[in-house]
Protein chains: 4
Amino acid sequence: MTKLKWGMIGGGEGSQIGPAHRLGAGLDGLFELTAGALDADAKKGRAYARRLEIAPDRAYGDWREMLAGESAREDRIDLVTVATPNSTHFEITRAFLEQGFDVLCEKPMTMTVEEGEEIVALAEKSGRICAVNYGYSGYPLVRHMRAMVARGDLGQVRLVKAEFAHGFHADAADADNPRVRWRYDPAQAGVSAVMADCGIHALHMACFVTGQEVTSLSADFASCIERRTLEDDGMVSFRMTGGAVGRLWTSAVAVGRMHGLNIQVFGEKGGLRWAQEWPNQLYWTPLNETTRTLERGGPGLSPEADRASRVTIGHAEGMPLAFANIYADLAEVITARKEGRAPDPAATHTPRAIDGLNSMAAVYAAVESAGNGSRWTEVRPPSRR
Amino acid sequence: MTKLKWGMIGGGEGSQIGPAHRLGAGLDGLFELTAGALDADAKKGRAYARRLEIAPDRAYGDWREMLAGESAREDRIDLVTVATPNSTHFEITRAFLEQGFDVLCEKPMTMTVEEGEEIVALAEKSGRICAVNYGYSGYPLVRHMRAMVARGDLGQVRLVKAEFAHGFHADAADADNPRVRWRYDPAQAGVSAVMADCGIHALHMACFVTGQEVTSLSADFASCIERRTLEDDGMVSFRMTGGAVGRLWTSAVAVGRMHGLNIQVFGEKGGLRWAQEWPNQLYWTPLNETTRTLERGGPGLSPEADRASRVTIGHAEGMPLAFANIYADLAEVITARKEGRAPDPAATHTPRAIDGLNSMAAVYAAVESAGNGSRWTEVRPPSRR
Amino acid sequence: MTKLKWGMIGGGEGSQIGPAHRLGAGLDGLFELTAGALDADAKKGRAYARRLEIAPDRAYGDWREMLAGESAREDRIDLVTVATPNSTHFEITRAFLEQGFDVLCEKPMTMTVEEGEEIVALAEKSGRICAVNYGYSGYPLVRHMRAMVARGDLGQVRLVKAEFAHGFHADAADADNPRVRWRYDPAQAGVSAVMADCGIHALHMACFVTGQEVTSLSADFASCIERRTLEDDGMVSFRMTGGAVGRLWTSAVAVGRMHGLNIQVFGEKGGLRWAQEWPNQLYWTPLNETTRTLERGGPGLSPEADRASRVTIGHAEGMPLAFANIYADLAEVITARKEGRAPDPAATHTPRAIDGLNSMAAVYAAVESAGNGSRWTEVRPPSRR
Amino acid sequence: MTKLKWGMIGGGEGSQIGPAHRLGAGLDGLFELTAGALDADAKKGRAYARRLEIAPDRAYGDWREMLAGESAREDRIDLVTVATPNSTHFEITRAFLEQGFDVLCEKPMTMTVEEGEEIVALAEKSGRICAVNYGYSGYPLVRHMRAMVARGDLGQVRLVKAEFAHGFHADAADADNPRVRWRYDPAQAGVSAVMADCGIHALHMACFVTGQEVTSLSADFASCIERRTLEDDGMVSFRMTGGAVGRLWTSAVAVGRMHGLNIQVFGEKGGLRWAQEWPNQLYWTPLNETTRTLERGGPGLSPEADRASRVTIGHAEGMPLAFANIYADLAEVITARKEGRAPDPAATHTPRAIDGLNSMAAVYAAVESAGNGSRWTEVRPPSRR
């Protein structure tokens, strides 16, 4: 039970995502925070690293220094998490992959499709893990949905309906709030706002659960609040590699919706419904039968769900444990490789670079379609052309 | 309290819609079933009419006979309900309007936009009521949503999300069942299946609640079960006369969804959520405040909701009472006219011919858009051109 | 399809229960309101009867006049409903039973156990129906629970948990409101307030569903608002004839609860949960399996549930239709007797005089127990001694 | 940010509660597992301790050895958790308190009231923390309910309704399963089964939220499965120090209930409802107003709730984080003492020895009452006599 050595880039004092990663990585005691370049301000980053009990020689001033330092060590870190501003994910991830590190990158993995393609190629070539943190895929019952589809419980999947609609950017008086405004400013947010920020999670979940990818789509974007350049609401219809039809709604102006990530999957033999806000119940309706409530932690679930469950049935597990499942699975895969054995198959479902690429390709296609009167647009990352 | 005289065309023995209308019309004791042409088989229709205690001279063999008979009487019926097969709605409704009868027509009011236009013009010219039975608009809390929007509680409406997604046509083995198959056969069902049958209700509700009409739309249709010519799943994005953005999903293959009609309305000042299956609660979130549960029958609702409520708070009211509200409102409007007074304003929200026309125009536009790669298509009934 | 002739005592202009009965009796067109003594004020009662289209010679000034008048007719009413103030139920019901009428009496059937005993004996002797309006027993899924227990789906019932807890008498400032105050005044309400008014429904439902009666109980009563002599909250533990253990909570100060009638039944082979406010779903958990949602109107329910369902699955049915089921069943039983045939067995579950007696015996026992430090008290109506 | 040194007794390999404590203590990185006597088998305990990276000289063979070892060190542990079988809690907790350690003891703190009294006195005398792990009190919205009551939002609390009813001991065929059977065997479980195991949590929550203690009670116990000596279902009515009336139901045979811990609190000015299985929503109904849904992590909650929240609104937090809140609060109190400052007042709500004593006194009173025909029984721990 020697802990794996873990490094972190970004997630400095005051960030929201930093504590979430430390909580997730630390929860099971599988990782020890060993190295870090935690802040854009080198001095502050080093000081914070020391307070997190990182040794002085591994409390780095920036990611380049960290890359050099860790690459030179015998006892280099086993995994590095990239939790910096979105526009830097690509170059940092690329640099660490090139030096043979395993990486967990925050979403979005890159800002463009071409960058995503490069990362995918590099990850393949290097043989290293490049995981992307679609954290909601860590929920036990999301794993179970994927397992049910994979083992054929639903028969062929016909239809997926996914949503991520919240209402926290609905106050016009708050639209100039800098914490909100940047998200709708192309100079800072890129080509898309709510689709790239929230819709992408719903889209990934549709892919994760069905095991299919998006091949083409038609999108409609709207800016419900004046003076917003980027969309705060979007609807996307799509088709998938296995023939499934997709429907996706994402919004930031849906007042009264708190988080609003949910998914419904309908196949030849039955239908599934799940919502992120109440993640411990999954509703399963076999064709022509009554709806059953599957409880996280209950008997008879799949190995994938069981592996991701920690406490007994009837006790809620929440988002931090979903996050921890991502880390636990990475630990298993890394450890198995070290030990020269195959990993637990139930631990191999972490989203990877290809998922990051596919997501970004879909976002770009949606932007293109929305700009072209909802014209159907192929989602063809360079690798598939 | 003299009852109004009510006539019915269609709704013969064994029909589903017939008893529903009789239940709705009879519930408050406002109408008496006085005349009827209840069956395509004249003999069976007359016999059934007698069993329903219709006098022999008003138990007609077909609607033409009934039109002639009732037109000739001094004590002619006050309202006629048209509940025949869809393709006959137009000519019967037209004929009765022309003779000066008030009509309640089942949806769809017509099979084409042009027919709809003709009915609208005729209804205007005749000064008679031509109501269309979008029965879900009769629910007290649907009325309340409309009232909240109208009185400005939400500020400007930005976004409407409406669904009508059920799973009762999802069994491929049942697809040849005649009771299912005709719905997907253009020769019998017309240009659209689930959109015209179910989506139209969601669309009407979006219009009813916001007080806006659809101006343009982009649609995607899918046939999830092989050999179906018409769509069993559809998604529509739209724009409305008051600037609202619309999202609509309709499906017949969503296994596990029972009825699946629900609506969410988001405005500058708050958001609303309501679902037909649990119609006695309405969720209202004022901007930046917590969500409140409004209960049917509770204090402080609008006159429109109060008028439509019958039993005390905490006792469920269901679909038959929504239906009865349509009849009660028609009774009020008819009686007020007879008495030369203005009707109760809360009774004047029954969907009319213009709503039937707008719905049909939107369905045709959706069919056109879906057939043209989801191209944005104007919804312009002849009257608005 | 000749309508049965129906008479009503009480339920005059402005009463709440009168319209509910007329709605329930009229809904299916099985009864025609033929006679009535509708108001304590003879003149007002006659005038109102005329407005309800009762013939002048059957618009009576009081119930004695009505009893005399109807008894003397060949075409006497087929059923009389007693919806007068509680303290008069006994003598009116007794008088009409003695003259051979079928009676539907509002709850409570009597004010004392002895009176209840007299009615039971009289109903038996006369061979007439004496039904008691525990209207919640008319819900389709309540009927289905009873059927599931009866046919053994649960195995032996071990435990019943029933509640009827609302919050509408929780405002201390409103305690002097005459519409509230009389309920807590022994001179007007009798020996019990919320137990006799609300708890009695929960208790009846426990008996109705399990097919068992209460044999002994321990009760605790509390008056949560000062100056109330009678209880506004009560808890009762009990034992039943078939060995089931019972738990019952009733309250009028549970702020935020709207109606609050619900029941859970647990047996050797599974458990059931149902709530009056969302009456179209029943939750059924077979032992060691997942919970299923049974929908009203769904396939595979019992004949008892099917008989009581009117509209298709996914459309809510509410309290007025439950009420109508009571009337529909009485119509079937009365008609079958007239026609010399056995009634539909699914129509024979209407609560009768024995249920009214048992309820009252349980209320008295609860009052006694609560006054004696929650001492276990036998519930032994005179007939069982 | 130096971690506190933490020791654990019990929670060896294969135990359920051990990992839960390690997860809770480790989650925020506030404690380091420094010492342990983890198993009844000394050799296995030491080996497991080593695998958990406890230093060899602090991997003890039993608690006495650990007590001696730690007492002798300068760098002794800051907190010891007692997670051994119930019957040993008392003597271990007593021994560590006597040596000046801060202790977190699993519930039940003791097996008898007299033992509880001794611990309370000892904790007071020693000035050490003796916390008892009523872990559900760590949920943010439970903290918020307590804060709302304390600051007067409900006015005087009139009524508390608490439940802990599950169905996992309902299978008669499983009753001989050793993992179930011991719970109903007085020789192993003590005087009570489901009341002491589950009901005690509901009872503690009623006390925690209202800030009141139970003064007297009337209980009814039942053994729904044959051959069980101890109760598998119980109902308790009670009165509290501040005048509140209490109702409590606990069960182990409620098939279909997963966990079933929930609470409702009703006061002069409003009512609250919360359920452990969906812990991120709290329903609050101000008197005469509509019900509001309070979301964990939402704006405007109390400092107590805010302190206990980790992730943003709309992301579920579950039981492990509630547990972690207990540890975080103990860390704050211990650290503040070390630093000679007052702790954050929001961190001072951890259940203590007096709560463990009061719970046990209530259980004994319930057993006595249930054995005496539900006679009202005073709950008077020795200290209050």
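1. How far apart are the end C-alpha atoms over residues 142-273 of chain A, and what percentage of the chain there is helix and strand? In this predicted model, the end C-alpha atoms of that stretch are 10 Å apart, and the chain is 26% helix and 33% strand over it. An unreviewed UniProt entry annotates residues 142-273 of chain A as "domain: GFO/IDH/MocA-like oxidoreductase".

2. Between chains A and B, 37 residues of chain B are in contact with 37 residues of chain A. On the chain B side, at least two residues each come from several strands, among them E6 (157-165), E7 (214-222), E8 (233-240) and E12 (281-286), while the largest share, 4 residues, comes from E9(B). By class, this side of chain B has 15 nonpolar, 13 polar and 9 charged residues.

3. Between chains A and D, 25 residues of chain A are in contact with 25 residues of chain D. Here the elements of chain A that give two or more residues to the side touching chain D are helix H1 (17-26) and helix H11 (319-339), and that side is made up of 13 nonpolar, 7 polar and 5 charged residues.

4. Within chain A, helix H5 (residues 113-126) packs against helix H12 (residues 353-371) at an angle of about 165°, with the axes 9 Å apart; because angles over 145 degrees count as roughly antiparallel, H5(A) is roughly antiparallel to H12(A). The crossing of H5(A) with H12(A) is left-handed.

5. In that packing, residues of H5(A) including A:Val113, A:Ile119 and A:Val120 meet residues of H12(A) including A:Leu357, A:Met360 and A:Tyr364. The contact of H5(A) with H12(A) divides into 10 nonpolar, 2 polar and 1 charged residues.

Technical notes:
Residues numbered from 1 in each chain as written. Chains lettered and ligands numbered in written order. Predicted model: local features only at pLDDT ≥ 70, side-chain atom pairs only at ≥ 80, totals over all residues. Contact = placed C-beta atoms within 7 Å. Nonpolar A, V, L, I, M, F, W, Y, C, P; charged D, E, K, R; others polar. UniProt positions renumbered as here; feature names shortened; annotations may be inferred. Axes fitted to C-alpha atoms, helices over the stretch in contact; angles between N-to-C directions. Parallel < 35°, antiparallel > 145°, perpendicular 65-115°, else oblique. Left-handed = near helix turned anticlockwise from the far one by under 90°.
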